[in-house]
Amino acid sequence: MEKLIITACLTGAEVTREQQPNLPLTPDEIAEAAYQCYLAGASMIHVHARDAEGNPTQDYAVYKEIKEKTAAKCNIIFQPSTGGATWHTPEQRMQPIELNPEMATLSMGTCNFADDVFMNTEANIRIFANRMNELGVKPELECFEKGMIDTAVRMAKKGIIKSPMHFDFVLGVPGAMGGELRDLLYMVESIPAGSTWTVAGVGRYQLPLNIAAIMLGGHARTGFEDNIYYKKGEIATSNAQLVERIARISKEMGREVATPDEARAILGLK
Ligand code: KMH
Ligand code: ZN
């Protein structure tokens, strides 16, 4: 089995300091959290920027600062969000693509997102994908339910999305697909041969789905964007604490953890 790529989703757009006192918010804090996760075994960070008040922002300059401050510390793969927060416009959301990162997320459809709607029309998905193609940015295809995989496959047939594709199954979002093992298996069985995949489980689904991914040959995303607890009732002390646990379990199970350069080779990054 190829080595495990651990992605650390450090901040997200929804979590607050009130909920998670150790949440990194400023570019310095996010870069330091990225470095600690790198030391713990992560080869990629999924990044959401925050403004000076701690609110989610898709501002190019803030993402640039995070990217540069992280790169000064380590060679971890920088993957900005183009999902942003549910209330961001498509134009706002696209800004970090212009940093020409190795990867960026690309959400493959619309779903309810707790009390909000996470809107991704096909027209906008095409616009995001075309710009990523122009710059050679590999999309991580965020699929919140199985129909979004079907959309990706349809777009791949038209050449809008390049193969081999890399999927992120985001399971357990209130309003979209659940995060039971059968849900993950259905998603894994539904992607084209030769694709790679990772899984993000929300809340209590994070750890079991990460462990399932280790067993199934997928990859794992962990961090505060998806879950703020180490275990039930115990707030995690850092993103790195969550990464360290996944790295430890994977190695115990006989699966080595990828370095950033090994992850680049697995994912075919530029
Ligand atoms: N914050 C969610 C509405 C992504 O990063 O690409 C969208 C999200 C997906 O987190
Ligand atoms: Zn995200």
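Select the shell around ligand 1 and colour it by residue type: three residues are nonpolar, eight polar and three charged. Here Ala, Val, Leu, Ile, Met, Phe, Trp, Tyr, Cys and Pro count as nonpolar, Asp, Glu, Lys and Arg as charged, and the others, Gly among them, as polar. The model is predicted, so local features need pLDDT of at least 70 and side-chain atom pairs 80 or more, while totals for chains, interfaces and linings use all residues. Residues are numbered from 1 along each chain as its sequence is written, chains are lettered from A and ligands numbered from 1 in the order written, and side-chain values use heavy atoms, without hydrogens and water.

Stay with ligand 1. Of the 14 residues around it (a heavy atom within 4 Å), Glu14, Ser81, Gly84, Thr105 and Glu225 come nearest.

Next, show the polar contacts, which are pairs of N or O atoms within 3.5 Å. Polar side-chain atoms of serine 81 and threonine 105 each lie 2.7 Å from an oxygen atom of ligand 1. For histidine 48 the distance to an oxygen atom of ligand 1 is 3.0 Å. The protein covers 98% of the 300 Å² of accessible area that ligand 1 has on its own (Shrake-Rupley method, 1.4 Å probe).

Now select the zinc ion, ligand 2. Its protein donors (N, O and S atoms within 2.8 Å of the metal) are His46 (NE2), His48 (NE2) and Glu225 (OE), lying 2.1 Å from it. Histidine 48 lies in the loop between strands S2 (44-47) and S3 (49-50), and glutamate 225 in the loop between strands S12 (219-222) and S13 (229-231), so the pair ties together parts that are 177 residues apart in sequence. Strands (E, at least two residues) and helices (H or I, at least four) are DSSP runs, numbered from the N terminus.

Move to proline 164, in the loop between helix H5 (146-157) and strand S10 (166-171). The peptide bond from serine 163 to proline 164 is cis, with omega near 0°.

Finish at asparagine 100, which has a positive phi of about 55° although it is not a glycine.

Key:
A polar contact is a pair of N or O atoms within 3.5 Å; within protein, one must be able to donate a hydrogen and the other to accept it, and residues adjacent in sequence count only if both atoms are side-chain atoms. Donors are N, O and S atoms within 2.8 Å of the metal (3.2 Å for Na, K and Ca); water is not among the atoms, so sites may look incomplete.
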